[in-house]
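Open the model in your viewer and keep the selection tool at hand. Each stop names what to select, then what is there.

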Amino acid sequence: MKNVPDTKLGRMYKEHIQHILDKNIDALLDQYTDDATLISSFSKSPVIYKGRDQVNEHMQGILGIDGLETDIVFWAETENPETLMITEQITMTVGGEKSEMRFADSWVLQDGKIAIHFAGMVQHPDGTLA
């Protein structure tokens, strides 16, 4: 992980990525409120996941990741309300194939847990923009 600040949210982000690398979905889900909303733009149309069971459904995709490197391109956070907005350059290996893409993630926290997560694809592995 590159360019992650040593702040409360920076440490939470590092834990988040480590849970993905460890394929530890339960620990990952524990970072979310029970009624969390995750809005994903990984496909061409937005998909909205509500609650622990649906967020868990979204997280099943991490099981196919064999390697993940993140380089933070943009980082902004606030304390009250507790929010995070980042853009990441991602390199991941899935099924033995390495892909590069750019993500944008934003979190809105409630009591130290992610209540709203915007998980967005900015640039797909083929170079097209979302």
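Select residues 15–116. The UniProt annotation "domain: SnoaL-like", from an unreviewed entry, covers this stretch. UniProt positions are given here in the numbering used in this tour, feature names are shortened, and annotations may be inferred rather than shown by experiment. Over residues 15–116 the chain is 22% helix and 58% strand, and the end C-alpha atoms lie 18 Å apart. Helices (H or I, at least four residues) and strands (E, at least two) are DSSP runs, numbered from the N terminus.

A word on the model: it is predicted, local features need pLDDT of at least 70, side-chain atom pairs count only at pLDDT 80 or more, and totals for chains, interfaces and linings use all residues. Residues are numbered from 1 along each chain as its sequence is written, and side-chain values use heavy atoms, with hydrogens and water left out.

**The whole chain**

Now show everything. The chain has 3 helices and 6 strands. From the N terminus, the order is α-α-β-β-α-β-β-β-β. The C-alpha atoms fill a box of roughly 40 × 30 × 30 Å along the principal axes. Of the 130 residues, 41% count as buried, meaning under 20% relative accessible area; exposed is over 50%, and partly exposed lies in between (1.4 Å probe, protein chains only).

**Helix H1**

Select 8–22, helix H1. H1 has 15 residues and reaches 21 Å from first C-alpha to last, close to the 21 Å expected at 1.5 Å a residue. That expected span is 1.5 Å times one less than the number of residues. Which residues of H1 are buried? Colour Leu9, Gly10, Met12, Tyr13, His16, Ile17, His19 and Ile20. These buried residues pack against H2, E1, E3, E4, E5 and E6. Step just past H1 to lysine 23, which takes a positive phi of about 55°.

**The core**

Next, the largest nonpolar core: a set of buried Ala, Val, Leu, Ile, Met, Phe, Trp, Tyr and Cys residues joined through side-chain atoms within 4.5 Å. Of its 31 residues, Tyr13, Met59 and Trp75 touch the most other members. Elements that each supply at least two core residues include H2 (25–29), H3 (51–59) and E3 (65–79). H1 gives the most, with 5 residues.

Zoom in on tryptophan 75. What is it in contact with, leaving aside neighbours within four places in sequence? Tryptophan 75 meets Val4, Pro5, Thr7, Leu9, Gly10, Tyr13, Leu84, Met85 and Ile86. Contact means heavy atoms within 4.5 Å.

**Strands E1, E5 and E6**

Select E1 (32–40), E5 (97–110) and E6 (113–123). Two strands pair if DSSP finds at least two bridges between them. E1 and E6 pair in the parallel sense over 5 bridges. Tyrosine 32 stands opposite isoleucine 114 in E6. E5 and E6 run antiparallel, joined by 9 bridges. Phenylalanine 103 has methionine 121 in E6 as its bridge partner.

**The hairpin turn**

Finish between E5 and E6, where the hairpin has 2 residues between the strands. Aspartate 111 takes a positive phi near 55° there. Glycine 112 also sits in this loop. Glycine 112 counts as partly exposed because its relative accessibility is 28%. Not counting residues up to four places away in sequence, glycine 112 touches Met12 and Glu82. Last, draw a line from glycine 112 to lysine 8: they are 104 residues apart in sequence and 9.6 Å apart in space, C-alpha to C-alpha.
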